[in-house]
Amino acid sequence: MNQLIRLVYASRSVVEPSATHQVVDPGIARILAKSRKNNARLDVVGGLLFGEGYFLQCLEGDLRTVQNLYSKIESDQRHRDVTVLLQSSISTRTFGAWSMKYVPGEQRLQALLRQWGVSQFDPYQLTSDQIDAAVRFMRDEDDAVDTVPSELQALAAVPEPVVQPPRRALPREATPRKPSKPQPVAAPGGKTFVKVVVGVAVFCLAAIVFASLK
């Protein structure tokens, strides 16, 4: 039987928040869309909190699967300072069918912070009890973003910008050489033929001269 675990980590976003007033920031929407697609395939569930530039994410699933997934998340360039806050064995997944549950709204998060007696959301400073409370908050909150809201569908269809590799300079075409003028070709045996004709003429002339002297 596979061992199930819960892994909770914190990180700092490097994605600039959008100036739009959508329920879900476009940058977060892309992360959710990708997480939900990958987690559903891996049979991993969990939740995500985002506030004041920090991520707090909970993953539940098979031990090896969750650890491999976390290794990929750790290398994602959209956040930094990725730190595991809690890892513990569990008997069952507690997020139901949520491949990645997300509770939007700063007001809900502020209400949770007031319960803890703190004014700012800094997951790196949470105690073990506060981490457990944050997981329960994500799991039990009813007003969560649906699995496939229209804005997620639209944003998931838009590819993220891809950095194009520098173009390689094309080699210069060689300057074509001018064709050389054809050299006149002598007819086969031409010089030899002329020598024979001249020799015959000289012989005939000598014979005539010799005959006239007799």
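**Fold, sheet packing and aromatic pairs**

Along the sequence, the protein follows the pattern β-α-β-β-α-β-β-α-α-α-α. Six helices and five strands make up its secondary structure. These elements are DSSP runs, numbered from the N terminus (helices: H or I, at least four residues; strands: E, at least two).

The model is predicted: local features need pLDDT of at least 70, side-chain atom pairs count only at pLDDT 80 or more, and totals for chains, interfaces and linings use all residues. Residues are numbered from 1 along each chain as its sequence is written, and side-chain values use heavy atoms, with hydrogens and water left out.

The five strands form an open sheet with mixed pairing. Their order is β4-β1-β3-β2-β5. Two strands pair if DSSP finds at least two bridges between them. The edges are held by β4 (79–90) and β5 (101–102); each has a single partner strand, so one side of each is left without a neighbour in the sheet. Strand β2 (residues 45–51) pairs with β3 in the antiparallel sense, over seven bridges. Phenylalanine 50 stands opposite phenylalanine 55 in β3.

Helices pack on this sheet. Helix α2 (residues 63–74) touches β1 (4–13), β3 and β4. Its direction makes about 150 degrees with that of β3. Helix α4 touches β1, β2, β3, β4 and β5. The direction of α4 makes about 105 degrees with that of β2. Contact means heavy atoms within 4.5 Å. Axes are lines fitted to C-alpha atoms, for helices over the stretch in contact; angles run from 0 to 180 degrees between N-to-C directions.

A search of the whole structure finds four aromatic pairs. Rings of Phe, Tyr and Trp (its six-membered ring) pair if their centres lie within 6.5 Å; planes under 30 degrees apart count as stacked, over 60 as edge-to-face and the rest as tilted. Tyrosine 54 and phenylalanine 121 have ring centres 6.5 Å apart and planes at 85 degrees, so this pair is edge-to-face. Tyrosine 54 lies in strand β3 (residues 54–62), and phenylalanine 121 in the loop between α3 (106–116) and α4 (128–140), so the pair ties together parts 67 residues apart in sequence. Both residues, tyrosine 54 and phenylalanine 121, are buried (under 20% relative accessible area; exposed is over 50%, partly exposed in between; 1.4 Å probe, protein chains only). Ring pairs link Tyr54, Phe121 and Tyr124 into a cluster.

Of the 214 residues of the protein, 33% count as buried. Among contacts with a separation of 6 or more, 81% come from residues 24 or more positions apart.
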